[in-house]
Amino acid sequence: MKKQAKFGVGIFVIVASMGFLAWLGYGESKTYYHTVAELETLKGSSLSQRMRVGGTVAVGSIRHLSGRVDFVLEGEGKALPVSYIGADPLPDTFIDKSQALVEGRPGPDGRFVAEVVQAKCASKYEAVPGGKGGASPGSTEPKGM
């Protein structure tokens with residue numbers, strides 16, 4: 001009977017530990033999405049949570065510094081200074097006036113500290129004005145052969 005009790009206690013400890021680690025991981029991986037204008041309205045513990053913020057990169061605001069990249073996100077008439085400290089290089093589409101999504105936490109000085117930056121340039125993928133939006137069937141074949 002003692003061996004079964006020890007085995008039962010061991011299984012309980014393992015299952016409880018796994019459950020606790022899963023709960024901690026779930027809480028840390030939750031990310032809330034906010035707009036630049038909504039950040040001003042957040043108070044208390046909401047400011048310490050990991051979040052995503054979307055906006056447009058302000059023209060001329062990208063500054064490459066040692067160990068970080070500073071830029072400004074604009075949205076709904078508001079501006080948010082951002083410092084990117086992530087290890088990954090910034091996307092090629094991260095340029096002035098591009099749409100960007102940053103993930104991280106607000107800093108104590110009002111600057112958003114981003115660990116992840118995603119960017120897209122919508123104008124690059126828009127259809128040509130007057131075009132049909134799709135490639136014609138023979139458009140990939142070389143002409144004049």
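Student: What does buried mean here?

Tutor: Buried means under 20% relative accessible area. This is a predicted model, and His34 has a relative accessible area of 14%, so His34 counts as buried.

Student: Where is His34 found?

Tutor: His34 is in strand β1, residues 32–35.

Student: And which side chain does His34 join in a polar contact?

Tutor: That of Glu38, at 3.4 Å. Leaving aside residues up to four places away in sequence, His34 touches Leu39, Leu42, Met51, Arg52, Val53 and Gly54.

Student: Val53, okay. Which residues touch the most other members of the largest nonpolar core?

Tutor: Val53 is one of them, along with Phe71, Leu73, Leu80, Val82, Val102 and Phe112; the core has 19 residues. Two or more residues of this core come from each of α2 (36–39), β2 (51–57), β4, β5, β6 and β7 (112–120).

Student: Switching to rings. How many aromatic pairs does the structure hold?

Tutor: It holds 2. Phe20 and Trp23 form a tilted pair, 6.1 Å centre to centre with 35° between the planes.

Student: Why tilted?

Tutor: Planes under 30 degrees apart would be stacked and over 60 edge-to-face, so 35° falls in the tilted class.

Student: How far apart are Phe20 and Trp23 in helix α1?

Tutor: They are 3 residues apart in α1 (residues 2–29), which means a separation of about one helical turn. Phe20 is partly exposed at 46% relative accessibility, and Trp23 is exposed at 59%.

Student: What about Phe71 and Phe94, how are their rings arranged?

Tutor: Their centres are 4.8 Å apart and the planes meet at 75°, so this pair is edge-to-face. Phe71 sits in strand β4 (residues 68–75) and Phe94 in the loop between β5 (78–84) and β6 (99–106), so the pair ties together parts 23 residues apart in sequence.

Student: Are Phe71 and Phe94 buried or exposed?

Tutor: Both are buried. Phe71 is also among the core residues that touch the most other members.

Student: Last one, Ser83. Buried or exposed, and where is it found?

Tutor: Ser83 lies in strand β5. With a relative accessible area of 5%, Ser83 is buried.

Student: Which side chain makes a polar contact with the side chain of Ser83?

Tutor: Asp70's, at 2.7 Å.

Student: What else does Ser83 touch?

Tutor: Besides Asp70, Ser83 touches Arg68, Val69, Arg111, Phe112, Val113 and Ala114, again not counting residues up to four places away in sequence. Of these, Phe112 belongs to the nonpolar core discussed above.

Conventions
Residues are numbered from 1 along each chain as its sequence is written. This is a predicted model: local features need pLDDT of at least 70, side-chain atom pairs count only at pLDDT 80 or more; totals for chains, interfaces and linings use all residues. Side-chain values use heavy atoms; hydrogens and water are left out. Rings of Phe, Tyr and Trp (its six-membered ring) pair if their centres lie within 6.5 Å; planes under 30 degrees apart count as stacked, over 60 as edge-to-face and the rest as tilted. Helices (H or I, at least four residues) and strands (E, at least two) are DSSP runs, numbered from the N terminus. Buried means under 20% relative accessible area, exposed over 50%, partly exposed in between (1.4 Å probe, protein chains only). A nonpolar core is a set of buried Ala, Val, Leu, Ile, Met, Phe, Trp, Tyr and Cys residues joined through side-chain atoms within 4.5 Å. A polar contact is a pair of N or O atoms within 3.5 Å; within protein, one must be able to donate a hydrogen and the other to accept it, and residues adjacent in sequence count only if both atoms are side-chain atoms. Contact means heavy atoms within 4.5 Å.
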